[in-house]
Every structure is written in structure tokens, then in C-alpha cells.
Amino acid sequence: MLVAQPVFSLHVDRLTKSFQGSGVPVFRDVSFAVPEGQSVALIGANGSGKSTLLRCCVRLVEPDSGTVTLDGITLSGSSDATLREARRRCGFVFQKHCLVPRLSALSNVLHGNLAHRGGPRNWLHGLASPADRARAMACLDEVGLTHLAGRRCDQLSGGQSQRVAIARALMQAPRILFADEPTASLDPQSGKDIMELFARLCRVRGLTVFFVSHHIDHALHYADRVIGLRDRQLSLDAPTHSESVASLRAFYG
């Protein structure tokens, strides 16, 4: 009987990155693979290279060596066109929400369409096609913000702004969602709400989620698996059900 092989959204093989000009590695020989639909938390102490590793996975930062395959596309040595095609399949959510403050929530969500096509019809919701505007509203509905579609983003709370950033990522119709400390600038309740939203999106949309977090509780409660950087290498890779608050605290120690 043939056994179906897992399909990987992200495959990292022997990735190494050094501090510019120093030759001292941020991390070295990091390898892991993320199956489709899995939620993975990346943890580690300050300065361990978590954000750098996440950015290397989409070549926002160039690794020194190793290979990355994203949704079946090998990024190492790829052309600009190939890299753009791979990134179209990814949604990005960062600690800084990177919204246009003077534009409405709806217009900011519409900007997610720019991953697929440019032009002024994707700059402002008043210029957008009815179909694209309806899809942007549907993305706002998924994050519970349709009632704030017309509000300027500089009038939103931190939690609301992050929800708009997530809706913008959803507008790309991604297959994998990358998040770099998405709750770091939020109060505890807003942070919990955002992580519950990630978990629901992963389940409902079938998204693969790869997120960096300092919160042990978030890693345990909202990820299927936790990986950790320590001493410049991948020192932890385990299903979350096999870990505890105590064991993850010991990992930091």
C-alpha cells in the first residue's frame, strides 16, 4: 500500500547567515520542513536570529548558504520573476503594521491586491472594481472589522490596526502566512485575540502559519509545533503537545 507523502509549504535546508562583515554566524546549518496546514512557532532569546531566519525564508534577507523551497518553488539563486511568484503565495504580518495612516481600513486591505497586479485601482477603494472591493470587505469580515471599513487607520487602536494588516495579507489569497512577533506591540488581551484569529484562519482557510513569538503561552496554545534557536543553531523541534511552560522556560535558560 502506497503511503501519501506530505506536501511541504516550506522546506529549509542547511541555512546559514552571518552578521554583515563579521563572518560570525547569526545561525548555521538550520534545517526544517513545514507541512501544508501546520502552524509553527519559532522561539528563542533576544538576538538569537528568529526574525532574521523568518526573513531568510522569503529572501527578504539573503542567507549566506543553504536552500529554501517555498510552496514548491526553490528560492536560492532564483530570478526576480520567480521570487515575485513565490512571494505572491505568502502573506506577511509584522510587529509594525505598515498601514497608510490617512487611508481607510478598506483601502489598506485593497493594497494586498498589489501582490498580483498594480495600478491605481488597487490604491483606493473608491477606484477599485466592485469585485475587488467586495473581496476586500470579505477579508475585513474575516477579522471582524466590517463596521470600521471606512475609518482612517490613524484612528484605529493597535489591535484593530493589526487586524487590518491581517486582512490585507488575506487579500493576497496566500497559501502560507508569515508573522514576526505579531502581538509585540499589543496589550495582553489584544494579543490573545490576534493569536486566536491566526489559529482560526489556519483552520478555516487551511493556511500554513509560521510565526515568531516571545510568548511561551502563544507558542503552546496556538501552534502545532514549536522550533527554537539557541547557540546559533536549531536546538528545538517538537510538537507542542510534548512541551510545557516549564520545558520552554528551560529552553531559554
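## Exercises on helix packing and sheet order

The axes of H5 and H6 come within 10 Å of each other and cross at roughly 20°. The model is predicted, so that local features need pLDDT of at least 70 and side-chain atom pairs count only at pLDDT 80 or more, while totals for chains, interfaces and linings use all residues. Residues are numbered from 1 along each chain as its sequence is written, and side-chain values use heavy atoms, with hydrogens and water left out.

**Exercise 1. Describe how H5 and H6 are oriented and which residues join them.**

Step 1. Helices (H or I, at least four residues) and strands (E, at least two) are DSSP runs, numbered from the N terminus. Axes are lines fitted to C-alpha atoms, for helices over the stretch in contact, and angles run from 0 to 180 degrees between N-to-C directions.

Step 2. Angles under 35 degrees count as roughly parallel, over 145 as roughly antiparallel, 65 to 115 as roughly perpendicular and the rest as oblique. H5 and H6 are therefore roughly parallel to each other.

Step 3. H5 passes H6 in a right-handed crossing; a crossing is right-handed if the near helix is turned clockwise from the far one by less than a right angle, and left-handed if anticlockwise.

Step 4. Contact means heavy atoms within 4.5 Å. From H5, the residues Gly159, Gln162, Arg163, Ile166 and Leu170 meet Ser190, Asp193, Ile194, Leu197, Phe198, Leu201 and Arg205 of H6. This contact has 6 nonpolar, 3 polar and 3 charged residues, where Ala, Val, Leu, Ile, Met, Phe, Trp, Tyr, Cys and Pro count as nonpolar, Asp, Glu, Lys and Arg as charged, and the others, Gly among them, as polar.

**Exercise 2. Describe the packing of H4 against H5.**

Step 1. Helix H4 (residues 130-142) and helix H5 (residues 158-171) have axes that come within 8 Å and cross at roughly 135°. H4 and H5 are therefore oblique to each other.

Step 2. The crossing of H4 past H5 is right-handed.

Step 3. In H4, Asp132, Arg135, Ala136, Cys139, Leu140 and Glu142 meet Ala167, Leu170 and Met171 in H5. The residues of this contact divide into 6 nonpolar, no polar and 3 charged.

**Exercise 3. State the order of the strands in the open sheet and explain why E6 and E10 stand at its edges.**

Step 1. Two strands pair if DSSP finds at least two bridges between them. The open sheet has 6 strands in the order E6-E7-E8-E3-E9-E10, with mixed pairing.

Step 2. Strand E6 (90-94) and strand E10 (233-239) each have a single partner strand, so one side of each is left without a neighbour in the sheet. From one strand to the next, the twist averages 15°.

Step 3. Cys90 has Ile176 as its bridge partner in E7, and Phe94 stands opposite Asp180.

Step 4. Buried means under 20% relative accessible area, exposed over 50%, and partly exposed in between (1.4 Å probe, protein chains only). In E6, 4 of the 5 residues are buried, so this strand is largely enclosed by the rest of the structure.

**Exercise 4. Follow the pairing of E9 with E3 and with E10.**

Step 1. Strand E3 (residues 39-44) and E9 run parallel, with 5 bridges between them. The bridge partner of Gly44 in E9 is Leu229.

Step 2. E9 and E10 run antiparallel and are joined by 6 bridges. Arg230 has Gln233 as its bridge partner in E10.

Step 3. E9 and E10 form a hairpin with 2 residues between them, and Asp231 in the turn has a positive phi of about 55°. Arg232, in the loop between strand E9 (225-230) and E10, also has a positive phi, near 70°. Arg232 is partly exposed, with a relative accessible area of 40%.

**Exercise 5. Is Leu70 buried or exposed, and which residues does it touch?**

Step 1. Leu70 lies in strand E4 (residues 65-70). With 0% relative accessibility, Leu70 counts as buried.

Step 2. Not counting residues up to four places away in sequence, Leu70 touches Ser9, Leu10, Cys57, Val58, Leu75, Ala86, Cys90, Ile176 and Phe178.
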